[in-house]
Amino acid sequence: MRKDYRLEKRKYVICGFLITVALIYVIRLFNLQVCDDRYKDFADSNAFLRKAQYPSRGLIFDRNGELVVYNQPAYDVMMIPRDVQEFDTIDFCHTLNITREQFDKRLSDMKDRRINPGYSSYTPQKFITHLSAQDYGRLQEKLYRYPGFFIQKRILRQYNHISAANVLGNIREVSAKDIEKDDYYTSGDYCGDLGVEKSYEKYLRGHKGVEILIRDAHGRIQGKYEDGAHDVAPVSGRNLKLSIDIDLQQYAESLMVNKIGAVVAIEPKTGEILAMVSSPTYDPTMLVGRQRGANYRKLVNDRLHPLFDRALMAAYPPGSTFKPSQGLILLQEGIVNLSTSYPCHKGFISGGLRVGCHPHGSPIPLKPALQTSCNAYFCWGFKAMIDRRSKYGSSADAFEIWKNHLVSLGYGYRLGVDLPGESRGFIPNAKFYNKIYGEGRWSANTIISVSIGQGEILATPLQIANLCATIANRGWFITPHVVKEIQDTVMPDELLVQRHPSIDKKYFDEVAEGMRMAVTGGTCRLANLKDIEVCGKTGTAQNPHGKDHSAFMGFAPYKDPRIAVCVYVENAGFGATYGVPIGSLVIEKYLTKNISPERKYIEQRMLESNTIIYSGVKKH
Amino acid sequence: MELRSTNKNQQSVFRHLDWTTIIIYAILVIMGAVSIYAASYDFDNASIFSFDEFSGKQIRWIGLSFVLGLVLLLIDARMYETYAYPIYTGLLLLLLVTIFIAPDIKGSRSWLVLGPMSLQPAEFAKFATALAMAKLFSGYNFTLNSKPSNYIKALLLFFIPILLILAQKETGSALVYLSLFFVLYREGMSGLILFAAICAVTFFVVAVKYTETTILGVPSGEFSVFILIMTIMVGMVGIYCKRPIIARNIFLWFVGTGIVVFILTLFEIRIPGLPYLIGATAVACLYCLIQMLRSQLKRMLVVVGFTVTAIGFLFSVNYVFNNVLQEHQQNRILVALGIKEDLRGAGYNVNQSKIAIGSGGFWGKGFLNGTQTKLKYVPEQHTDFIFCTVGEEHGFVGTTLTLLLFLILILRIIVIAERQPTAFGRVYAYCVASYLILHFVINIGMVIGLCPVIGIPLPFFSYGGSSLWGFTFLLFILLRIDASRREHLSY
């Protein structure tokens, strides 16, 4: 047949169609391969299993090198639901020491996206956490029978001493919030919670390593990617050396049994905290392992709030322990000198106002006033300062100066201790009273109770202890801290430098002498040790919750002090009844390592007494 | 004498062989073997020459297919013409027998097991059908349009194998024979039928598929269909109406306004997309109508009619699909078309294949460095999805090169077809081109997620002896016929 040239042109249509399609495909390929970067990531997450290598967490030692917190391996049973094949459930339960019901419950919990939002049948899911070493051994032997299950090694904390839970803190699994805040964490990691575990988390946790494994479409591991060339070895966490003396800590805790309150002991020269007790406390091992959740709930719901670290979170009225600071301010401002005396006729009486006092000689100057804890003296002194318009212009201006001195002594703001959750306490300023009473409508008499550490004034036991350390140092302090050394790291400067309050050094000697007199012949006579010159000041703080709080601050020895202590016992009555004995026992224990026989009876009384009954908190 | 003439004949065969085609064939086959080696490469135990491996087997198939090609070239070209119907009948019988004696492999009964080998007769029926088609069209004074029964004869020739292959449950292979409509078109079937069918399918798939992203506020699918309609309009005016100047004007109008809109978007001035597209097309249609009135060219009306119908079709497809059909019906269509991203089920293949190709980047990860294909993320990666390996290991460069090779091969075959002095040679060559076009379009389209997943191999690349041999038959018979085209001239 002759060729039809009209039809031949149709080849262009066919070619055109083909070329168009090819062009579309090239554009599509350009889009897929060059423009869109996502596919590379998809491919990597397909093929590479980035397995985290967990470093061992830093160990924690006390100031004498005694190991306090260490690691123990724990084993989580993980499962990849998709890979699980039929297996002998009864044998599995038997191996893990769980009942069939627990097994079913665990499985349904795991699949419940409300409980386990990250559930996916493709990724490893936690089946059982914290297997004991024995269960681990048994399971390891039989693991080949249970495809889809594997064991992930974890690290748990272990404690050598059932003590200092508030200082040490604990570790917990990270929450979604933690992961959001710090991209170091991935689901299932652990992080510090409370205490130094939290505040030194970055040092303790070390650095996770990663092992890049190649995984095929069936989830089987085909080996290391490029023979591990891109793997990163984990870096162990740094060890911490606490400034805590674990023996002293335990001793102080034992004295505080059945009492609510706190004990803080500081080495004045270094700002190192030797003991920091919050009572009631708890057993740190409660928050380890499988029972953590249940125990944590129990502690949170406990009416005595054991998780609340009273040593630095609780703001108490300092009561008479506030008086040394008042003496310092009055001296500094030139309101009084050592011979200035104020009258005390069973109290301070002015303008229809009366602040009671107990019987002692009258009129008295500063040192005897500290010795006898005379309310009237400090009220008069305060009034003399606040109402001295000739010097300050107005009560408000005078009050601001008074407040600034206190702030320089560490009150009213966080001291900056290296533990989480520190409270500021409370020192009001002039604005505060202007708001309540109106500008110019208040004077010293209106707010006279702040002069004796009552009224609006609140301080943490740590701040009180810090004031004591400042007096012991005769005029300076170092921010209190619980960590003495971080392995291979220099301590941060702010925990090493001296801080100088706005009070001249010479005045501290006078106040220290007053505190010494309180021990030798005043309110703190129970603290008068045979061989050690103790200085102290009691406090009896009225409070709206019931019986007065019993407080004490003291340091020793008088010359060259090595320990400054604050004891605060809620609803325990006079400072001399609980504060002084406990404080003096802590001082004696630390300085002499034991309690002299003639003071054993005091120790006995403190160990056995119970003041919780006065607190109004019913324990169920 | 007899011997000398044969010698001369053979010499002329090799002198007149179309070496371009053979070289591209060889390159594609070798690239295929390399890709299969890469796809089935195991990180742990690698050996090229183990014949147990896919690549080893494929190398054996390739070697045999070279021998086969040589044998085919040595057979006298006239033999193919003479025995076209017997070969066709023989393979139809084989297809029929296969339905009954083939073992059930994954639901299909298409494999004949012969000792260590198994062959798929459906692959060989392709060249037989092509021969039969060529034979039919080479009949004395045969033209498609001379009588309607000629259409029926032609359609019967390829619908019988389609039915037999469907009976073997090999839908994909059966579909390939539909490409012979291209041949019918070339031989005189009205182009509008073919064109309208292709457009309808393309518009539907594109419009339904790309609804998630938008361009200028119009779903990408609809936007793309509009661009297609515009392109088609320009093409029709230029080719169908033979008015290149009008076509150029319309083209400039579309491109010009398109560029303006694009530049405005760069300056954060948002032009609503749909009014622009409809407006631009409407203006072009109006222009065509005016031209029609001036020149009395009825074909312009066809162009306008086509464009308006296409836009109407586009909107009705969307309307019917989104508003009339219920959700489960929509899903069924989407899944059947391989459009719905059902990542666990049917969509898994396409998704993994896109990941593999997409992760290749511009230059690729390098030979044997592809993780997705090595780690078996892409199913059927050495057969239907072999193109993934190219995409992952050789990147955009590799995929474009492969596309280019196929394009050149098919265009070359069309060139060969058009230079045939006989209808037999031409029709046969067009059959070969048509098969290749369909395989190429569907296979690559499916791997890059543009076409529904229809399991047909990529010619010369995919693992498997039947497919390779089937295409070798097709190609070398063509080469043999082409080589002796001059003999006809000397008649």
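Two residues count as in contact when their C-beta atoms, placed from the backbone, lie within 7 Å. The views below come from a predicted model.

**View 1. Contacts of A:Val263.** Neighbours within four places in sequence are left aside here, and A:Val263 is then in contact with A:Ala252, A:Met256, A:Ala275, A:Val277, A:Val565, A:Val567, A:Ile582 and A:Val586. A:Val263 is also among the residues with the most contacts inside the largest nonpolar core, which has 128 residues. A second, separate core has 117 residues, including B:Leu144, B:Cys388, B:Phe440 and B:Cys451. In soluble globular proteins, nonpolar side chains tend to be buried together.

**View 2. An open sheet in chain A.** Five strands, in the order S12-S11-S20-S19-S18, make up this open sheet of chain A, and their pairing is antiparallel. Strand S12 (272-279) and strand S18 (535-543) of chain A are the edge strands, each pairing on one side only. With direction ignored, neighbouring strands of the sheet are turned by 10° against each other on average. Strands of a sheet pair through backbone hydrogen bonds, either parallel or antiparallel.

**View 3. Strand S19 of chain A and its two hairpins.** S18(A) is joined by eight bridges to strand S19 (residues 546-556) of chain A, and the two run antiparallel. They form a hairpin with two residues between them. A:Asn543 has A:Gly546 in S19(A) as its bridge partner, and A:Cys535 stands opposite A:Phe555 in S19(A). S19(A) also pairs with S20(A), through seven bridges in the antiparallel sense. One of the facing pairs is A:Met553 with A:Cys566 in S20(A). The hairpin of S19(A) and S20(A) has six residues between the strands, and A:Asp560 in the turn has a positive phi of about 55°. Is S19(A) enclosed or open to the outside? Nine of its eleven residues are buried, so S19(A) is largely enclosed by the rest of the structure.

**View 4. A helix across the sheet.** Helix H20 (residues 461-472) of chain A lies across strand S11 (261-267), S19 and strand S20 (563-569) of chain A. The helix runs at about 150° to S20(A).

**View 5. The side of chain A that touches chain B.** The contact takes 33 residues from chain A and 41 residues from chain B. On the chain A side, at least two residues come from each of helix H1 (5-8), helix H2 (10-35), helix H3 (38-47), strand S8 (209-215) and strand S9 (221-224). H2(A) gives the most, with 17 residues. By class, this side has 21 nonpolar, four polar and eight charged residues.

View 6. B:Ala167 is in helix H7 (residues 148-167) of chain B. Why does B:Ala167 count as partly exposed? It has 16 other C-beta atoms within 10 Å, whereas a residue is buried at 20 or more and exposed at 12 or fewer. B:Leu96 is 71 residues from B:Ala167 in sequence, and their C-alpha atoms are 8.8 Å apart in space.

Key: Residues numbered from 1 in each chain as written. Chains lettered and ligands numbered in written order. Predicted model: local features only at pLDDT ≥ 70, side-chain atom pairs only at ≥ 80, totals over all residues. Core = buried A, V, L, I, M, F, W, Y, C linked by C-beta atoms within 7 Å. Helix = DSSP H or I, 4+ residues; strand = E, 2+ residues; numbered from the N terminus. Nonpolar A, V, L, I, M, F, W, Y, C, P; charged D, E, K, R; others polar. Pairing = 2+ DSSP bridges. Axes fitted to C-alpha atoms, helices over the stretch in contact; angles between N-to-C directions.
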